[in-house]
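Take a look at the chain below.

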Amino acid sequence: MVVTLDRDEARRIAVRAQRLDADSAAADSAAADRVSGLVSLAESLTFLQLDPTAVIAPSADLIAYTRLGAAYRPETLVAALETDRLLYEVKAMDDPVTPPFAMVRPVSDLGLHLDRMSRWPSERLPRAQQWLEANDAFRRDVLALLRDHGPTLSKDIPDTAAVPWESTGWTHNQNVTRLLELLQGRGELAVAGRIGRQRTWDLGERVYPAGIEVVPEAEAAPLRDERRLRSLGIARRALVGEAGEPATVDGSALEWRVDPAAVGLPFAGRTALLSPFDRLVHDRVRTKEVFGFDYLLEMYKPAAKRRWGYFALPILHGDRLVGKLDAAADRKAGVLRVAAIHEDEPFTPELRDEVRAEIDALASWLNLAPEHAPEARSPRGT
């Protein structure tokens, strides 16, 4: 049975699944100042992306703020990771449908990953596996050092590699970092905490809670697909396998899967400023097909070629993505500077007021004063 969706319903399913509708925001804000509220959010979204870029705020914090509201504080994330151990940090090298960025996942999902992690990286990266085998003495040196000394910064770990890591990219000869992340990917090591932006490393058995039930990969894979689909509401089949039900979206020729429990529910929208890494917009194909929204993070483009700005925030209004906010936090001056509000279509006076109210609220959360742009701009004219 194929579920037939018009674009309005498909958008609303996606927004609700990412807890960006008004009802979810009201429910989530009640526990925003507690670790349990953040952990519940991470369980619903399946992970929070970590990214050091802090033009506005670090990605995980901005994503949490967008859902939990002003009561959320970054200290809550630190407590959940380092004190309560209800979240854990990992680099997503073990996930074939997730780019290799750092993220925090709920410990409650750890058992769905451990079996696959135990075989990392031989199944996907034979060259990395060969490098590990050639440097087994290096691996044992690092494990022994951490066993004796506990959480340690990577800069304090000696490089005893017999064979250097070769790459045409920035990882060339970065032997310690490469080893740590490979051993993290297979569960032998884990990030114990951070000192500033630098990770401290320890044995996985001392960071992860004891007694985690390991779900065999044959059972875990479809469960991960189901949770991923639940967090997205609607997704391309290539990203979620056979989870949910097949669906068509009006005007799209792609194969879609939809969470059947998310179809036909009431919807109350709100206005929100999203991180460029927000999972509502991460799949550019879905963003274009379902939302009709043209967006690309332009921080890697030369300034002269940017249409919307270095770190433009997508603007959500109800079930539509309506524009981009070009803004940056000037912490020395104590100001959230707004260079432009790019309107994909002309905003109504009411929508313009709502967007500016969100800018003011974001500035207040950052303990900054808002500095608004004098007028809106359209990307079509840039």
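Predicted model: local features only at pLDDT ≥ 70, side-chain atom pairs only at ≥ 80, totals over all residues.

Start with strand β14, which covers residues 335–343. Seven of its nine residues are buried, so the strand is mostly covered, with buried taken as under 20% relative accessible area.

Now look at the partners of β14. Strand β13, residues 320–330, pairs with β14 in the antiparallel sense. Eight bridges join the two. In one of the pairings, Gly 323 has Glu 343 of β14 as its bridge partner. β13 and β14 form a hairpin, with four residues between them. In the turn sits Gly 334, with a positive phi of about 75°.

β14 also pairs with strand β15, residues 369–371. Here the sense is parallel, over three bridges.

Step back to the whole chain. It has 14 helices and 15 strands. Its radius of gyration is 22 Å, close to the 21 Å that the globule rule gives for 382 residues, so the chain is as compact as a globular protein of that length. The C-alpha trace spans about 65 × 60 × 40 Å along its principal axes.

What share of the 382 residues is buried? The figure is 52%. Among contacts with a separation of 6 or more, 61% come from residues 24 or more positions apart. The accessible surface comes to about 17200 Å². Carbon and sulfur atoms account for 52% of that surface.

Terms used:
Residues numbered from 1 in each chain as written. Heavy atoms only, no water. Buried < 20%, exposed > 50% of the residue type's maximum accessible area, 1.4 Å probe, protein only. Pairing = 2+ DSSP bridges. Rg over C-alpha atoms; globule rule 2.2 N^0.38 Å. Contact = heavy atoms within 4.5 Å. Areas by Shrake-Rupley, 256 points an atom, 1.4 Å probe, with all protein chains shown as cover.
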